[in-house]
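Hi everyone, thanks for making time. Let me put the structure up, and then we'll walk through a few of its features together.

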Amino acid sequence: MPATSLDQLVSLCKRRGFIFPGSEIYGGLANTWDYGPLGVELKNRVKQEWWKTFVHKRADMVGMDASILMNPKVWEASGHVGNFSDLMSTCRFCKKLIRADHWDGLVEESAWFCSLKELYASQKDVTLEDLGDWGQKEGKKLAPNLAVVRNPSVTLSWLSEYLENASRVAAEGTLIQSNFREIIKYLATEQLKKTGLVLPCPYCGGELTSPKPFNLLFKTNQGVIEDEGTAIYLRPETAQGIFVNFKNVVNTMRPRLPFGIAQIGKAFRNEITPGNFTFRTREFEQMEIEYFVEPGKEEKIFDEWKEAVWNWYTGLGIAKKSLRIREHDKEELSHYSSRTVDIEYQFPWGFGELFGLANRGDFDLKQHEKFSGEDLTYTDMDDPTRKFLPHVIEPSFGCDRTVLTFLLEAYTEEKLENGDTRTVMKFDPRLAPVDIAILPLSKKEHLIAKAQELYKKVTQETDLSVDFDVTGSIGKRYRRQDEIGTPKCITVDFGTLGEDEKQGTKDTVTIRDRDSLKQERLTIGELVQKLRG
């Protein structure tokens, strides 16, 4: 069963060397994370599987690696300089910044809102006295800056005409909409005539300011002296590096439509509300493809990509029941997209975007053609007189979100026959950061020497990642390997040395399976042959 709590996973990741808080010895830097020895191996394997599936195994794909720093005109052409912003509100009390389009979800998840909802669900009619009591008890603990907590007499005077509707709406199960939405506005509003109804802060209940645009680009300067340097940006996406190199790729590789260009790389967005571990951070890695097609042929190819990506995730161990496909409404679509579909995963906090697939049309190539003055049309190889701007299907994967998903899905707690509980990371073997662990039964020098001999043989004759562990009892070492997801453990014992027939015959070892816990005795020759296969 996947992890049901993010805290379970964060604790394991820190304890076992998957992911550490960034800059921890200096008190950290909010929402930055460093991949540790096992985390970087897992992440690299995810990227390798992605590249193998979507680049190496397809005749219609090539790859590239564009620069993070690009000419600022690139971002003017793409619309990021003028339009890449979120509407943000600031809490007048706790000073937190809140994205306007995240407010509903944040409030629904807040402890104070859930407590208020329970109040309405628990009784047929809610009175002014009930709300006053709630504010001075639960509200004071959970949302100290709500107006109903700070100044209950003034706030409650505005609520009387809404009590009947609020009770009815809550009983019907409607959350932040209709009259119940108005009720929680009143809880945050102290001076109605002066301010009008205001929205409460999801975190402390304080009054939020009116939303204002906030640009998400990370700006820096290129040059020795800051004031004299040229203003440039850290790229907010990898896609534009592909579009500006479209002509170079076509001229050098001479691909026929349809074809795609893939890239894995870092991107940066000055997110105001990052959070949920590595799900949303300001520095993140993308695995993106821009797939160029002849205009009018997008729909079939769009659906083919949707199926291919679904199969990739489920083929590497993500349960189908944990995924869903969500089609964007017209109101949600980006200005360049005629169709967008997300694959979402059921994270501990609810469904969240894991992958996005968009039909970008010819927007990007047309914009770069306009701003650069370069001809970016594609010439039909079978009819050189036919030139046109291809349309683009964009499969876009969040690399860090994908790694987080595999971590969550792998996390398992199992009851053993002896009553103990073990934590095991059931990664697909292709993703496991360590392929096998070699464990000498004890710290006897000649036993360790034999185990080291086997370690050298396996590392020289295979491409496997091998761990060598001698610290602790064999049982503790098995549990340690379970927690990092090692599929196989090889135990070298006194039978291997020919000193104890009860443990096994000479030159044989025990191989233990992570998931089934079954143990098998093999000769060293058979073992290496099996590992190669």
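Let's begin with cysteines: how many disulfides are there, counting pairs of cysteine sulfur atoms within 2.5 Å? The count comes to zero. Cys-91 is in no disulfide, and its nearest cysteine sulfur, that of Cys-204, is 3.5 Å away. Cys-399 is in no disulfide either; there the nearest cysteine sulfur belongs to Cys-13, 14 Å away. Cys-91 has 0% relative accessibility, so it counts as buried, a word that means under 20% relative accessible area, with exposed over 50% and partly exposed in between, using a 1.4 Å probe and protein chains only.

A word on the source: this is a predicted model, where local features need pLDDT of at least 70 and side-chain atom pairs count only at pLDDT 80 or more, while totals for chains, interfaces and linings use all residues. Residues are numbered from 1 along each chain as its sequence is written, and side-chain values use heavy atoms, leaving out hydrogens and water.

Now the inside. A nonpolar core is a set of buried Ala, Val, Leu, Ile, Met, Phe, Trp, Tyr and Cys residues joined through side-chain atoms within 4.5 Å. The largest has 54 residues, and Phe-18, Trp-305, Tyr-313 and Leu-407 have the most contacts inside it. Apart from that one lies another core of 25 residues, including Trp-112 and Trp-134.

In H6, Trp-112, Phe-113, Ser-115, Leu-116, Leu-119 and Tyr-120 are buried. On the other side of H6, Glu-118, Ala-121 and Ser-122 are exposed.

Definitions and conventions
Helix = DSSP H or I, 4+ residues; strand = E, 2+ residues; numbered from the N terminus. Disulfide = S-S within 2.5 Å.
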